[in-house]
Amino acid sequence: MTLDGEALEQLRKRARSGGADKYHAANAAKGKLFARERVALLVDEGSFVEDGLYANTMAEGLPADGVVTGTATIDGRQVCLMANDSTVKAGSWGARTVEKIIRIIERAYGAGVPMVYLVDSAGARITDQVDLFPGRRGAGKIFWNQVRASGSIPQVCALFGPSAAGGAYIPAFCDVVALVDGNASMYLGSDRMVEMVTGEKTTLEAMGGAKVHTAESGVGHFLCKTEADALDVVKTYLSYLPANWTQAPPTAPAVAAPAKADLAALVPASERQAFDMRRYVKGLLDEGSFFEIQALWAKELTIGFGRLDGQVVGVVGNNSMFKGGVLFVDSADKATRFVQLCDAFNVPLLFLSDVPGFMVGSAVEKQGIIRHGAKMITAISEATVPKICVVVRKAYGAGLYAMAGPGFEPDATIALPTAKIAVMGAEAAVNAVYANKIAAIADEDERAAFVAAKRAEYEQDIDVVRLASELVVDAIVEPHDLRTELVRRFAAARTKDRHFSRRRHGVTPV
């Protein structure tokens, strides 16, 4: 076929227009943008170079085969991206769709640049299953490429609609996922399929909606009100990470901590009184730089990126406002993945400890708390980026290990004057050792005096000065000096040897 300029322009126009007008109108009624509008909002103006525009162009009603792929820049930095076009067969996958997605991931991996997924897809076209599903370049190759690229290049997903069946694994293999509330969903089987197979009556929103995955399952990381918010998450996330695993995170101009931040005043004297670790983090880092991840899930642990004197750090902090800061199955998993993410992309880790330990009891034992705790401790052990443990208030039991305590080769263990490190807290320890004796004291005042005396002995035994004198901690630092201390110590650790073990890889206790 020979094309003149006008015919080629018509072909381009048809490919770029997406599906029928009624599908564009239906999406607009839901507050959804056209796939190409999403791309335009995300990337630098004029930077997008598209691949595969004419995929399946000979077929009727399949412009670009339902997916937009190509390269662009975001804030001047090169990325690769894909965007499902839900106006074309609900964004479903055909053989050319799959091939385009595979090719763009391969390009991102080969070029060493981030891969962005703008997902809005009903899943595979069952009518095309032989062409797209089982072969060497079938849908499975998408996931193989995502796994190969994981930890090599940043992969970030914004989810605007469904991500159904096998397609749900595209977000799952990404570093982080931003979901638009009310429209985004992830599920392996639709509500109709679930009812047919199990008899359960549910809805897509109740089973796999944005709130479910950001607050309950932990598959999602950011709950967004609008599509523009989700695209902003993508931009912000990438601003903290290098293009690939061989590079250092991008620096930014140094910004002072908030002028009104009083770190000492934020920590109550009584360890029984909760405080919000998020406020502490924001008072410590460069003002406005804290970017919290998974804020709605496993809230007893706070994680996120921030900057210290312009340098990117990853923060892991116990938050006693939620479940007393005790580590549960979900919070252990949350920490594990974030620590691995930071270690993969050369982001130094700052641990802010205020942890009573791991949760105990039959319920968590049945959930595998030992196994999940072992995963977290494995990640801490294997992380070779600079890491500093700050005992803000307490680090009890295996919680000390999970927060990169002295045995896990942190570049420093710093104690604040309020710090306590012990197998358990004084109250629990006295009850454990003297339970029978306490029960035998009939007089209430005498019993209280005995308990108070034993608690005082225990507190003296774990005194922070004693810990420093025996080199358990490297320094005792006043809260107002902590930021400066961290900046200097992270700078000193920046060129550390990152070799860990002579092996191919460990066997993770999953």
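Analyst: A charge is taken to sit over a ring if NZ of Lys or CZ of Arg is within 6 Å of the ring centre and within 35 degrees of the ring normal. In this predicted model, the charged end of Lys323 meets that description over the ring of Phe328, at 4.5 Å from its centre. The charged end of Lys141 likewise sits over the ring of Trp144, where the distance to the centre is 4.1 Å.

Contacts between rings come next. The structure contains eleven aromatic pairs. In one of them, the ring centres of Tyr237 and Phe305 are 6.0 Å apart and the planes meet at 45 degrees; planes under 30 degrees apart would count as stacked and over 60 as edge-to-face, so this pair is tilted. Tyr237 belongs to helix α11 (residues 227-239) and Phe305 to strand β10 (residues 301-308), and therefore the pair ties together parts separated by 68 residues in sequence. Tyr237 and Phe305 are both buried.

Phe305 also forms an aromatic pair with Tyr240, and this one is stacked, with 5.6 Å from centre to centre and 25 degrees between the planes. Here too distant parts of the chain are linked: Tyr240 lies in the loop between α11 and α12 (263-266), 65 residues from Phe305 in strand β10. Tyr240 is buried, as is Phe305.

These residues belong to a wider arrangement. Ring pairs join Tyr237, Tyr240 and Phe305 with Phe222, Phe291 and Phe338 into a cluster.

Notes
Residues are numbered from 1 along each chain as its sequence is written. This is a predicted model: local features need pLDDT of at least 70, side-chain atom pairs count only at pLDDT 80 or more; totals for chains, interfaces and linings use all residues. Side-chain values use heavy atoms; hydrogens and water are left out. Rings of Phe, Tyr and Trp (its six-membered ring) pair if their centres lie within 6.5 Å; planes under 30 degrees apart count as stacked, over 60 as edge-to-face and the rest as tilted. Helices (H or I, at least four residues) and strands (E, at least two) are DSSP runs, numbered from the N terminus. Buried means under 20% relative accessible area, exposed over 50%, partly exposed in between (1.4 Å probe, protein chains only).
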